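Keep the viewer open and turn the model as you read.

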Amino acid sequence: MIAIGITATDTETGKTVVTGALAAALRYRGAVPGIFKPVASGCVRREDGELISTDAEFQMRCAGYPDALRRQVIPVVLEAALAPAEACKLENVVLHPDEMVDGAKRCIETHEISVLEGIGGITAPLTETFLVKDYFRALRIPVLIVVKPVLGNVNHAVLTASYCQQHHIPVLGFLVNCWDEKNAGILEKGNLYYYEKLTGLPVLGKLPVLSEEELNDPRRLADIVEQTVALDIILERAKACMEQ
């Protein structure tokens, strides 16, 4: 069994897109990828009143999951667009760390390869005393850090990687989201250089800016991953981490 945790330098960096894109690539390699996120905030209500996570909808489409598995992919959905610890207070929901970890472990144990998205950044509070880093550490899985080639992100990337390592969470490397090869200049290329130089970790892919058409077509998304992401190396490094 191989599992990859997806974290990032901040919220809105692209964890959901990266998770879905990797799931699509694994699907079209012939695997049934496991996908799981213990809780999602900022969810939306359908006309029938059901609260749904658009993150889950996207990832399920990428992985080829039926609608019936929605609650299995993201068991807790919250409407407030806040960190789960705060959203839960507003909505009178109690999150139990053991249940979140157990749900993720079931996903990992029942799939050959799983991609598990975190929530926000690595220190985001799931409860007042249980952070995302605690979740990944309890699972004993390596993480891939999603970054964007923008001003200030080198600082966030180095701090995120260092924090993970301090808390004994193996880091596979970085995956750049929203890379624009044609217009990449000194800032963008400099970011790639310093991600690696200052952490000793590799950049394992540069996922380009994706159109709505590409995001809505798992087959095209899988092809893009195969062209721009070192998926085999990611899987090899993840397997080695989990065998240690």
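Predicted model: local features only at pLDDT ≥ 70, side-chain atom pairs only at ≥ 80, totals over all residues.

As a reminder, strands of a sheet pair through backbone hydrogen bonds, either parallel or antiparallel.

Now look at strand β1. On one side, β1 pairs with strand β7 (residues 113-117) in the parallel sense, over five bridges, and here Ile2 stands opposite Ile113. Strand β8 (residues 143-147) also runs parallel to β1, joined to it by four bridges, with Ala8 opposite Val146. How many of the residues of strand β1 are buried? Seven of the seven residues (2-8) are, so the strand is largely enclosed by the rest of the structure. In a regular strand the side chains alternate between the two faces of the sheet. You can follow this in β1: Ile2, Ile4, Ile6 and Ala8 point one way, while Ala3, Gly5 and Thr7 point the other way.

Phe174 has Val203 in β10 as its bridge partner. Phe174 turns up again in the largest nonpolar core, which has 41 residues; Leu126, Tyr135, Phe136, Phe174 and Tyr195 are the ones that touch the most other members. Two or more residues each come from α4, α5, α6 (132-139), β8, α7 (153-166), β9 and α8, and the largest share, five residues, is that of α5.

Tyr193, Tyr194 and Leu198 make a nonpolar surface patch of about 320 Å². Of these, Tyr193 lies in helix α8 (residues 186-199) and counts as partly exposed because its relative accessibility is 45%.

Most residues other than glycine have a negative phi. Glu12, in the loop between β1 and α1 (15-27), has a positive phi of about 60°. Asn92, in the loop between α4 (84-91) and α5 (97-109), has a positive phi as well, near 55°. Both side chains belong to exposed residues, with relative accessibilities of 69% for Glu12 and 72% for Asn92.

Finally, the charged pairs: the whole structure has 16 salt bridges. Glu86 and Lys89 form one of them, their closest N and O atoms being 3.1 Å apart; both lie in helix α4, three residues apart, about one turn of the helix. Another joins Arg46 and Asp48 at 3.2 Å, N to O, and these two belong to a network of salt bridges that also links Glu50, Glu57, Asp67 and Arg70. In the pair of Arg220 and Glu214, at 3.7 Å, Arg220 is partly exposed at 37%, whereas Glu214 is buried at 17%.

Definitions and conventions:
Residues numbered from 1 in each chain as written. Heavy atoms only, no water. Patch = residues over 30% accessible without salt bridge, like charges linked within 9 Å, V, L, I, M, F, W, Y side chains within 5 Å. Areas by Shrake-Rupley, 256 points an atom, 1.4 Å probe, with all protein chains shown as cover. Salt bridge = Lys/Arg side-chain N within 4 Å of Asp/Glu carboxyl O. Buried < 20%, exposed > 50% of the residue type's maximum accessible area, 1.4 Å probe, protein only. Pairing = 2+ DSSP bridges. Core = buried A, V, L, I, M, F, W, Y, C linked by side-chain atoms within 4.5 Å.
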